[in-house]
Amino acid sequence: MTVVPFDPELGAALSTIGEQLPPALTPEMIPIMREGVALAPVTDDDLRRGGRFTVEERTVPGLDGDPDITLLICRPVDGRATGCVYHTHGGGMVLGDRRTGVPEMLDWAERFSLVVVSVEYRLAPETPHPGPVNDCYAGLLWTAGHAEELGFDPDRLIVAGGSAGGGLAAALALMARDRKGPALLGQMLIYPMLDDRNDTPSAVQMAGLGVWDRTANSTGWGALLGDAAGGPDVSPYAAPARAEDLSNLPPAFIDVGSAETFRDEDVAYASRIWQAGGRAELHVWPGAFHGFDSMVPSAALSQDAREARVRWLNRLFNQ
Amino acid sequence: MKDLAVRLAALDADASAAVRVIAYFDGLVEAGAGLQSIVRGAAVLAGCPARLDDPARRVHIRVLPDGVASPSLSPPSTLAGPSLSASGLAEPSPALSGVAEPSPALSGDERWPSVRAGSATLSLERPGPPGPVDQMVLERAAGAARTVLDRTRGRASATDEIALIELLIDADAPPDARQRAARHLALPADAPAHVVVLLSGRVRVTAAVAAPHPPHQGPTRPEAGSSRSQSSRLQSSRLQSSRAESSRAEPPGNDRAGIGPAVPILDLPASYRAARTALRFTAAGTDDDPGDPVIRYEDLGALAALATIPDPGAVPDVRVLEHAAATAPWLLSTLHAVSTTISLRAAAARLRLHHSTLQDRVAHAEHLLGWSVREPHGLLRTQLALALSRLHRTPLDGATHPA
């Protein structure tokens, strides 16, 4: 199958990225990747932003007797927050921690006066489904229940995440709907990892190319679901693309690159939300590979993608 | 994922850094990236603002080290930047350099490291000499920018250039084709241009730089017949145009040139006709053929009407003049000096003759010609005869061709 060409700027940067992060990730590589430099370390100073945020970590109960979980909580120092972004980090279900991806959340928090809560969920394969998503849901319940203490309006709570974190955020929206959990103002799904079947045309088309190809995706889903991955009985809370009902969900923002594994499953998710009478905004960035905006933040397409997210948040929080 | 910008910004001046820089810009070119992407690459890799300025093509791009494009002050008119044309005739004269040089606020600071990319300049906004990686970034980015400029903004080959100039001076060619030709030759769209016709037959079109036009100055006057003075004449003529790309600039040499008036692009056929007329009034600037090797049509005034005479060699005064010149080799240079200076004393100084020697020659000349050279009516006859004689020597029937 003919491949989608990469955006020129992103493609030129890919040769450097590829040295650190090959497209295909196999299970044996997980320990190496966890040790390595693929994920940008985020320091306390990065989080405090010159004193504009207070940073604390809270240990809160896990779901239904699960072990306690840690929440990273960043609150704007000046004035009361207007809302909260509850963040589930990316890393293919196997990598990353509660700080991964938080800097962009802080960009939004500065702009819209938000509290940022980022959850340290247990990773696969050590913790298979439903452990990770249950940790995330437990943290969401605690956050919504402590809105007053954290200083935000409980009606202005969104979930957000990128990649595996986007899949987890989508799953949280499903769980909150199904379990009569916290009311969510929106779900920000950044190139979300939604479908364990891993067989869309884009997954096949971009195999061996870019970032997080079909092999890497198979590694991630295999870690989370074991042999059940791609089979008949996968929970929508593990793989939201499996949900049969996408109605009555909070407004969704979905973005994805046209040159990545997740393109077709993410476009399909947006389409199915519309078909179910829901609200979704979909951006497909031409020639973008997975994680393009975080790996090449200077590229024109990365700037545009970040701006599109901010514009959606602006409509969500300021209208 | 580790931020690429951080990683690339921390590049050391080692071999792997060089390989990455080269691979990055090669990748951009292969993928057909645009100019802003290239300037962005330079800014991100060098870790400082980078800019690309090409006044002739109206390209002004500036990008900050985080990749954000920043508004670039663009020159409001050709006054502000160097005028670069497809085929330049001369470097701006020193007196004009203040006009022709880019203003620091608009296109850079001389302290910034920069590299030429064709008619464009790529700069890093960082004072001091560039480090090894900076230099690598500059060179690779400039090479990539030149590729893109040539592909997208048009860069005519030498052969194309001849055809394009032919198009520009052809009144029968469709206007849009002539406008397109002007763009391909990198002529500013809304600034006037001159046609310059050389005696060798070559035709050039050069962008005019707006500059004060001294109204009192007539055709420039040769001090001597040396080629050195001719080329300096060319430079100091009010052509004031067109610093060509260094790689394409041809030295004016000793060629005589007629210069048409500065006109809008679509009026260039008229400028071409005028330049051909002006060329006929030029002279070699030697003792045998005294006169100005470069003539601007606009300076001819009513003299231009003489060019319509079918056979200037048949005019009786011209016959007399040419016959006299054959017997007295000093005659033409003497008459030229006398008719273009305000006194015999000045003419003697010009000719480096003793005053009394010149008086003797003038008397001899008046005898040969049969009219007075010094009283006003005779002076006019002399000047007309000299002008008609030049027209006779330079019939310009043969086709001139662009070059």
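**Strands of chain B**

Author: Strand 1 (residues 50–54) of chain B and strand 2 of chain B run antiparallel, joined by five bridges. Strands here are DSSP runs (E, at least two residues), numbered from the N terminus, and two of them pair if DSSP finds at least two bridges between them. This is a predicted model, where local features need pLDDT of at least 70, side-chain atom pairs count only at pLDDT 80 or more, and totals for chains, interfaces and linings use all residues. Residues are numbered from 1 along each chain as its sequence is written, while chains are lettered from A and ligands numbered from 1 in the order in which they are written.

Reader: Why is strand 2 (residues 59–63) of chain B largely enclosed by the rest of the structure?
Author: A residue is buried if 20 or more other C-beta atoms, placed from the backbone, lie within 10 Å of its own. Strand 2 of chain B is largely enclosed because its buried residues number four of the five.

Reader: Which residue of the hairpin of strand 2 and strand 3 of chain B takes a positive phi?
Author: Strand 2 runs antiparallel to strand 3 (residues 69–70) of chain B, with two bridges. Five residues lie between the strands of this hairpin, and the one with a positive phi near 95 degrees is B:Gly67.

Key: Buried ≥ 20, exposed ≤ 12 C-beta atoms within 10 Å, placed from the backbone.
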